[in-house]
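Colleague: Please pick one part of this model and take me through it slowly. I would like to see how it sits among its neighbours.

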Amino acid sequence: MSEAKQDAAVVLFDGVCNLCNGAVNFIIDRDPSARFRFAALQSTQAAALLGPLGRVPEAEPQSFILVENGRVYERSSAALRVARKLPGAWKLFYAFVVIPTPIRDVIYRFIARNRYRWFGKAEACRMPTPELRTRFL
């Protein structure tokens with residue numbers, strides 16, 4: 001594995017959530033330099049990554065997590081940090097970081113609570129295509 005890939009930020013997502021899988025596809029499509037790698041929160045890879053950082057994945061994952069430079073970012077903070085690293089106008093969404101996290105996360109948690117009802121739920125975690133396998137832990 002190249003050094004750039006080892007240093008890549010890791011996005012942890014709910015592997016059975018259709019909205020979350022859509023977000024992963026969105027990031028992959030806009031990340032030609034492969035800055036981000038991915039793992040389902042339900043995976044052993046997520047537990048292995050979070051454990052040394054003093055964190056454990058939730059039994060019912062309701063968070064989008066970014067692990068970057070040994071730090072863990074959750075919910076809206078994680079999403080905004082990802083947007084900041086994407087090329088083009090997506091960086092502009094990082095301006096929302098001025099809104100206090102508790103206020104941003106009220107909206108995030110509302111969507112998280114309703115995501116299965118609105119977007120559906122897969123029977124199993126996402127399996128990457130052979131072309132994308134290197135992007136997943």
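Modeller: A residue is called buried when its relative accessible area is under 20%, exposed when over 50%, and partly exposed in between (1.4 Å probe, protein chains only). Let's look at helix 4, residues 75–85. This is a predicted model, where local features need pLDDT of at least 70 and side-chain atom pairs 80 or more, while totals for chains, interfaces and linings use all residues. Numbering starts from 1 along each chain as its sequence is written, and side-chain values use heavy atoms, without hydrogens or water.

Eight of the 11 residues of helix 4 are buried, so the rest of the structure largely encloses this helix. The buried ones are Arg75, Ser76, Ser77 and Ala78, together with Leu80, Arg81, Val82 and Ala83. Their cover includes strand 1 (9–13), strand 2 (36–40), strand 3 (65–68) and strand 4 (71–74). Helix 2 (18–29) and helix 5 (101–119) are also among the covering elements.

Now step back to the whole protein. It has five helices and four strands (DSSP runs numbered from the N terminus: H or I of at least four residues for helices, E of at least two for strands). Along the sequence they follow the pattern α-β-α-β-α-β-β-α-α. Of the 137 residues in the protein, 39% are buried. Among contacts (heavy atoms within 4.5 Å) between residues at least 6 apart in sequence, 65% join residues at least 24 apart. Along the principal axes, the C-alpha atoms fill a box of roughly 40 × 35 × 30 Å.
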